[in-house]
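Here are a few notes from going through this one, jotted down point by point. Have the chain open as you read.

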Amino acid sequence: QVQLVESGGGLVQAGGSLTLICAASGSIFSTNAMAWYRQAPGKQRELVARITSGGNTNYPDSVKGRFTISRDNAKNTVYLQMNSLKPEDTAVYYCNADLISGYIRRNYWGQGTQVTVSS
């Protein structure tokens, strides 16, 4: 059974920084793209950052230059460094992984971690 476990969320003042960590565990054959999404109250879940197994990244304009995604393939772990945080970054952040387990490729989600940015 594959699990994605996130950590690192919390409360921070505007302009501050946080680092989110997501570790995938279980019977994993290989991990393809990993990503972070977020969902604010009353809004749809949106992509925050994505990184391929080769290290290529992409970000929406709303976080470009402030957020950095990285990964440790040996540990099946993905990180999200968030700098210059704004109140509008407040949301539940979810880890997502496209991986192969038991010869089956599918998408997995973490349970989410709350990030609150105060003004």
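**Notes on the predicted model**

1. Let's start with a loop. Asn76 sits between β7 (67–72) and β8 (77–82), in the loop that links them. Keep in mind that this is a predicted model. The backbone is worth a look here: phi of Asn76 is near 50°, so a positive value turns up in a residue other than glycine.

2. As for the surface, Ser84 is partly exposed, because its relative accessible area of 41% falls between the 20% and 50% cut-offs.

3. Now the core. The largest nonpolar core has 30 residues, and Trp36, Leu80, Met82 and Tyr93 touch the most other members. Elements giving two or more residues to this core include β3 (18–25), β4 (30–39), β5 (46–51) and β11 (113–118). The top contributor is β9, with five residues.

4. Leaving out residues up to four places away in sequence, Tyr93 touches, among others, Leu20, Trp36, Val48, Phe67, Leu80, Met82 and Val115. Glu6, Arg38 and Thr113 are also among its contacts.

5. Beyond four places in sequence, Tyr108 touches Val2, Leu4, Cys95, Asn96, Ala97, Leu99 and Ser101. Tyr108 and Leu4 are 104 residues apart along the chain, with their C-alpha atoms separated by 7.3 Å.

Conventions:
Residues numbered from 1 in each chain as written. Predicted model: local features only at pLDDT ≥ 70, side-chain atom pairs only at ≥ 80, totals over all residues. Heavy atoms only, no water. Helix = DSSP H or I, 4+ residues; strand = E, 2+ residues; numbered from the N terminus. Buried < 20%, exposed > 50% of the residue type's maximum accessible area, 1.4 Å probe, protein only. Contact = heavy atoms within 4.5 Å. Core = buried A, V, L, I, M, F, W, Y, C linked by side-chain atoms within 4.5 Å.
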